[in-house]
Amino acid sequence: MINHLKHHPLFFVVKFNSTLTLTSQKTRPQTRPSYLQRLLLTFVLLICTSWSHGALIFSDDFSRDNSNDVQNNWQELEKDSNDVAIYQQQLRLRDNQSETPSAAALQAISLESYQDLRLTFDWRATTSTEASDTLFVGWQRQDESFTNLWSSALGGSGFNTVSFDITTADIPADYVSLAIWIAVGSANETVYIDNLLLSGELINSGSTEDGGPTENSSQVPEPSSLALLTLGLALVTRKKKSIQ
Ligand SMILES: [Ca+2]
Ligand SMILES: [Ca+2]
Ligand SMILES: [Ca+2]
Ligand SMILES: [Ca+2]
C-alpha cells in the first residue's frame with residue numbers, strides 16, 4: 001500500500017510536511033501528537049482509502065431523504081415500492097418478490113475503460129433474517145440473469161465493511177449492471193447498504209498510439225484528490241498562521 005502511494009504526488013506533500021514537523025520537535029518537545037501530526041495522519045489515511053485503486057468510478061453514500069425511489073440512477077427490483085428504498089441515509093433491500101432475486105438495486109456502469117477495480121461498501125442485516133438468507137453483489141447480464149461476485153449469509157449483524165478486488169476476468173462480457181441483491185423468504189427480512197465506492201485504474205491512461213492524451217486520460221489530479229489537497233493545504237496554512 002505504502003509502496004503504491006510513494007508514486008502519488010500527494011505522498012511527497014505528506015512526507016515533506018512530516019519531516020518539517022519532526023525537525024521542529026527537537027527544539028519543542030511534546031508529550032502527545034501535535035495538531036499537524038494528527039492532521040497528516042488523517043490525510044494519509046484518507047489517501048490510503050481513496051487512491052488504493054486509482055480513479056473513482058462510482059460512489060453513493062445514500063445520504064438523502066427517505067424515499068421509495070433510490071435515485072442516483074439506481075434501478076429497483078422489488079415486491080412493494082418501499083422495499084428497495086432510501087431509509088435513514090442507507091439503501092434498503094427488503095422482502096421477497098415472486099421472481100428471483102427477492103429484491104435488487106442495479107447500477108448500469110460503463111467499465112470498459114478500467115482495470116483492477118475495487119469495490120467497497122458497508123452492509124447490515126436485520127435480526128429478522130436467518131443464515132439461510134443471503135446478500136449478493138455481482139452483475140445483471142443481458143439475459144437478465146445474475147452472476148455473483150461476493151455473497152454472505154445473513155442472520156442479523158451490525159454494519160460490516162466489505163472490500164474486494166474485481167479483475168477484468170470477473171466482469172462478464174454481457175454484463176449490464178452492477179447488482180446488489182438479496183435472497184430472503186419473508187416481508188420484513190432486510191439488508192441495509194451504505195458507503196458504496198467503486199474505483200479502478202484507467203486503461204492506457206496518459207497516451208495513445210500517437211503519443212497524445214486519450215479522452216479518458218487522467219493528466220490532472222482527480223476531483224477528490226484536488227479536494228483533499230485543498231483541504232490539507234488550507235489546514236496546514238491555518239496551523240502556520242496560528243503558530244505565528
Ligand atoms: Ca414489502
Ligand atoms: Ca422502491
Ligand atoms: Ca449513508
Ligand atoms: Ca429468512
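This is a predicted model: local features need pLDDT of at least 70, side-chain atom pairs count only at pLDDT 80 or more; totals for chains, interfaces and linings use all residues.
Residues are numbered from 1 along each chain as its sequence is written, while chains are lettered from A and ligands numbered from 1 in the order in which they are written.

Switch to cartoon. You'll find four helices and 11 strands; these are DSSP runs numbered from the N terminus, helices being H or I with at least four residues and strands E with at least two.

**Stop 1: the core**

Select Leu-93, Ala-104, Ala-105, Ile-180, Val-191 and Ile-193. Of the 35 residues in the largest nonpolar core, these touch the most other members. Such a core is a set of buried Ala, Val, Leu, Ile, Met, Phe, Trp, Tyr and Cys residues joined through C-beta atoms within 7 Å. Strands supplying at least two residues each include β4 (90–94), β6 (114–125) and β11 (190–202). The top contributor is β6, with six residues.

Now zoom in on Ala-105. Leaving out residues up to four places away in sequence, Ala-105 touches Val-70, Trp-74, Glu-76, Val-84, Leu-91, Leu-93 and Ile-180; contact here means C-beta atoms, placed from the backbone, within 7 Å.

**Stop 2: the open sheet**

Next, show five strands in the order β2-β5-β10-β7-β8, an open sheet with antiparallel pairing. Two strands count as paired if DSSP finds at least two bridges between them. Look at the edges: β2 and β8 (146–153) each have a single partner strand, so one side of each has no neighbour in the sheet. From one strand to the next, the twist averages 20° (axes are lines fitted to C-alpha atoms, with angles from 0 to 180 degrees between N-to-C directions).

**Stop 3: across the pairs**

- Begin with β2 and β5, antiparallel over four bridges. Pick Leu-77, and opposite it in β5 is Ala-104.
- Move to β7 and β10, antiparallel and joined by eight bridges. Gln-140 has Ser-177 in β10 as its bridge partner.
- Finish with β7 and β8, also antiparallel, with seven bridges. Leu-135 faces Ser-152 in β8. These two strands make a hairpin with four residues between them, and Glu-144 in the turn has a positive phi of about 70°.

Key. A residue is buried if 20 or more other C-beta atoms lie within 10 Å of its own, exposed if 12 or fewer, and partly exposed in between; C-beta atoms are placed from the backbone. Two residues are in contact if their C-beta atoms, placed from the backbone, lie within 7 Å.
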